Amino acid sequence: MVLRLQKMPKRKCVFTDKLKEEYKFLKQCQNSNDRVRCSTCNSEFSVEHRGRYDIENHIQSDRHKKASQAVSTASIKSFFKHIDATNDELQCAAKEATFAYHTATHGLSFRTSDCTAKLIKKFFEPKYSGARTKTEAIIVNVISPYIFNELLKDLRDVNFVTLTIDSSNRKEIKLTPICVRYFNQNEGIKVKLIYFDQLPGETSDFLVEHLLKCIKKYSIDSKVVCLCADNTNTNFGGVKRKGQGNVFRKLQKSLSRPILGIGCAAHILHNTIQTACDALSIDVEVIVVKVYKFFFQYTVRVTALKEFCEFANIEYKRVLSHGNTRFLSLLPAIERILLLFDALKSYFMAIENCPAVLLAFFKDPVSELFLKFVHGTVQMFQISILKLESDYITASEATQVYEELVIKLEERKANNFIPFAANQLLAKLKDDNTIDVDKENHFRKNMEGFYQAGINYLKLWENSFDKANKFKWLTLQNDPTWEEMEASAIIVVSIVPNSINVDQLFDERSSLVQVLRHLKPKWASQQNTPNTPNT
């Protein structure tokens with residue numbers, strides 16, 4: 001007889017308080033005292049069979065191990081900078097911001113920051129980290145907002161501003177920036193880019209709408225006193241400023257008050273050179289362009305010219321181009337041709353199939369005389385253009401430069417003036433009997449026509465400065481009279497009513513004259529002292 005013993009039922013384990021305290025990442029499931037959920041790997045399991053051993057088996061599972069590795073035991077605060085930066089951190093941040101400003105000021109690509117940051121970090125500052133992403137963030141989010149905030153402060157303080165507008169094509173995109181000019185009593189004249197956007201076209205309606213958006217955005221509608229732009233029909237309606245469909249007239253109508261309109265004097269002077277050169281029997285600009293294009297990208301021709309230069313004992317230098325839209329490119333281009341003139345003349349006279357225009361030019365003994373005359377005269381224009389292209393020149397100063405150029409041309413015409421280099425060549429040609437009286441008279445007649453054409457063109461466009469000549473007393477070259485100051489005050493009051501107390505202006509003029517009489521002797525002594533910049 002076999003006796004079978006009955007098995008006792010196995011005791012179930014539960015998630016005790018002791019286990020809860022030991023394994024804090026486990027939470028007991030609702031309505032069950034033996035099932036738990038792991039907060040690390042988000043899995044649920046039972047401890048009813050082996051209790052603690054079930055938990056340990058779960059901890060050794062792959063799922064729990066991977067979840068444990070993904071969870072950082074460090075506090076999230078360790079990933080952020082402390083509120084109070086150390087002095088070294090501030091110094092490094094200042095260096096990064098300075099270099100970001102350097103990158104923006106010089107128009108460098110942000111890509112260059114990647115390489116430069118590595119060099120700075122290796123050679124100078126181990127903590128430096130101003131690569132392209134950080135540099136862009138500093139410029140866009142720190143420097144740019146700061147500059148615009150400073151500009152807004154200035155615009156709130158000033159009483160009068162001038163808007164300058166221009167357009168340029170970037171492939172199929174027409175970019176139209178707007179700059180603002182104003183006088184800051186602590187820093188003088190300031191020019192700032194205030195608005196920049198692209199337009200679908202360059203009609204007067206588009207440009208006026210663009211200007212009004214800028215004016216409304218910065219709330220300067222009551223402070224705009226002048227518009228500066230190119231002398232195109234779209235902007236000012238031509239030389240006589242007729243019609244109401246141009247930007248200038250439409251902007252005045254939108255503002256419901258008159259404003260001044262100042263054209264580009266540099267453009268006028270450049271066009272004057274072109275117009276005056278057209279009065280000559282030899283087209284100097286055509287010759288300059290033809291000579292450049294003849295050698296441009298022709299290695300064989302340049303090599304042959306170098307041989308002629310060596311034979312003539314002339315140092316070879318590359319022939320320069322002249323662009324129609326570049327104000328100052330004609331002078332250096334003529335200088336280079338004059339430098340190589342003997343070699344160029346020998347070259348073109350020796351080659352076969354020489355362009356007829358160049359062959360006729362270099363055969364004529366008067367050709368070099370014309371070049372030297374134009375070169376000497378264009379130098380005078382270049383000095384004026386450089387003054388007009390200054391960043392901080394005022395409309396009254398531009399008017400003065402313009403009027404002085406007209407006087408110089410009139411004086412040269414009245415005295416039959418020939419530039420020194422051209423006059424020396426003329427004397428040499430006469431001594432050598434290379435030119436006769438008829439050719440000399442022909443040259444002098446062309447010279448007179450050149451001066452007269454330049455004078456006529458400048459006088460034709462003298463109204464491009466509107467009423468700016470009424471403010472010439474601001475240059476303080478002479479003691480301003482009350483009549484001059486009153487005339488300019490009337491113009492300002494007509495644009496912005498009640499902006500000037502004319503009665504107080506009279507008393508201030510008296511004080512200004514006394515100060516000028518005291519300071520002018522000092523200014524004169526400083527200007528006469530060697531190595532002392534003009535005041």
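This is a predicted model: local features need pLDDT of at least 70, side-chain atom pairs count only at pLDDT 80 or more; totals for chains, interfaces and linings use all residues.

Residues are numbered from 1 along each chain as its sequence is written, and side-chain values use heavy atoms, with hydrogens and water left out.

**Stop one: α12 and α14**

Select residues 299–311, helix α12, and residues 341–350, helix α14. (Helices are DSSP runs of H or I, at least four residues, numbered from the N terminus.) Their axes are 9 Å apart and the packing angle is about 120°. Axes are lines fitted to C-alpha atoms over the stretch in contact, and angles run from 0 to 180 degrees between N-to-C directions. The pair is therefore oblique: that label is for whatever is left once angles under 35 degrees count as roughly parallel, over 145 as roughly antiparallel and 65 to 115 as roughly perpendicular.

Now show side chains. On the α12 side, R301, A304, L305, F308 and C309 meet A343, L344, S346, Y347 and A350 of α14; contact means heavy atoms within 4.5 Å. By class, this contact has eight nonpolar, one polar and one charged residues.

**Stop two: the core**

Which residues touch the most other members of the largest nonpolar core? Select L155, I194, F295, L344 and F348, out of 110 residues in that core. A nonpolar core is a set of buried Ala, Val, Leu, Ile, Met, Phe, Trp, Tyr and Cys residues joined through side-chain atoms within 4.5 Å, and buried means under 20% relative accessible area (1.4 Å probe, protein chains only). Helix α16 (residues 367–388) gives the most to this core, with 10 residues.

Zoom in on F295: not counting residues up to four places away in sequence, its contacts include R301, L305, L344 and Y347.

**Stop four: E96**

Finally, pick E96 in helix α4, residues 87–105. Is E96 buried or exposed? It counts as buried, because its relative accessibility is 6%. Leaving out residues up to four places away in sequence, E96 touches K127, Y128, S129, G130, K134 and I138.

Technical notes
Helices (H or I, at least four residues) and strands (E, at least two) are DSSP runs, numbered from the N terminus. Ala, Val, Leu, Ile, Met, Phe, Trp, Tyr, Cys and Pro count as nonpolar, Asp, Glu, Lys and Arg as charged, and the others, Gly among them, as polar. Buried means under 20% relative accessible area, exposed over 50%, partly exposed in between (1.4 Å probe, protein chains only).
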